[in-house]
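Dear colleague,

I am handing over the structure below, together with some notes on what was found in it. Please read the notes with the model open beside them.

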Amino acid sequence: MLKVLRSSNILWAIVFVIILIICILWIYMPWKDSFAAAEILVDGELYMTLDDISGAEKEITVTTSYGTNVVVYGNNEVYVRSSDCKNQTCVNFGKISKPGQSVICAPHRLTVRICGAKTSDTDI
Ligand SMILES: [Zn+2]
C-alpha cells in the first residue's frame with residue numbers, strides 16, 4: 001500500500017512538473033509572433049480577420065461605402081499601401097508589427113489592428 005502511494009506521488013509530481021513547464025511556455029511563448037493575426041474593422045465592426053500575418057506578403061483591397069484601402073500583410077507586418085482618402089494618414093502611418101498596434105483611416109472609418117494570441121481583450 002505504501003509503495004503504491006509513493007509511486008503515485010512521483011507520478012503526480014511528474015504531471016505537476018509537466019503542467020508547470022507548459023504554463024511557463026504558454027506565458028513566454030517564443031513562437032508568439034508566428035501566431036500573430038490582424039483584424040480589419042470598418043465602422044467599429046469586424047470586416048475581416050487576417051488569420052496569419054507571418055507568411056509571405058499578401059494584399060487585400062478593402063472597399064466600403066467610405067472608400068478603398070489597400071492593406072498589405074505578411075512578414076509579421078501590416079500596413080496600408082494605398083488609399084483614396086483625403087489625408088493619407090493611414091498610408092503615411094507605416095508598418096505595424098506588434099499586438100495592440102493599429103493603423104486608423106479616419107475618413108474611411110477603417111481600423112487595422114494586430115492581435116496576439118489573446119484577441120478578445122485587445123482594445124483599439
Ligand atoms: Zn486613410
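In the hairpin of strand 4 and strand 5, which has two residues between the strands, Asn75 takes a positive phi near 55°. Helices (H or I, at least four residues) and strands (E, at least two) are DSSP runs numbered from the N terminus, and two strands pair if DSSP finds at least two bridges between them. This is a predicted model, in which local features need pLDDT of at least 70 and side-chain atom pairs count only at pLDDT 80 or more, while totals for chains, interfaces and linings use all residues. Residues are numbered from 1 along each chain as its sequence is written, and side-chain values use heavy atoms, with hydrogens and water left out.

Strand 4 and strand 5 (residues 77–83) are antiparallel and share six bridges, with Asn69 standing opposite Ser83 in strand 5. A hairpin of two residues joins strand 3 to strand 4. Strand 4 (residues 67–74) is mostly covered, since seven of its eight residues are buried (under 20% relative accessible area, with exposed over 50% and partly exposed in between, for a 1.4 Å probe and protein chains only).

There is also an open sheet of four strands in the order 2-1-7-6, with antiparallel pairing. Its edge strands are strand 2 (45–50) and strand 6, each of which pairs on one side only. Strand 1 (residues 37–42) is joined to strand 2 by five bridges, and Ala38 stands opposite Leu50 in strand 2.

The zinc ion is coordinated at 2.2 Å by Cys85 (SG), Cys90 (SG) and Cys105 (SG); donors are N, O and S atoms within 2.8 Å of the metal (3.2 Å for Na, K and Ca), and because water is not among the atoms, sites may look incomplete. Along the chain these donors follow the spacing C-x4-C-x14-C. Cys90 lies in helix 2 (residues 89–92) and Cys105 in strand 6 (residues 102–105), so the pair ties together parts that are 15 residues apart in sequence. Cys90 counts as buried at 0% relative accessibility, and Cys105 is buried too, with a relative accessible area of 1%.

Finally, Val17 belongs to helix 1 (residues 2–28) and counts as partly exposed, at 42% relative accessibility.

With kind regards
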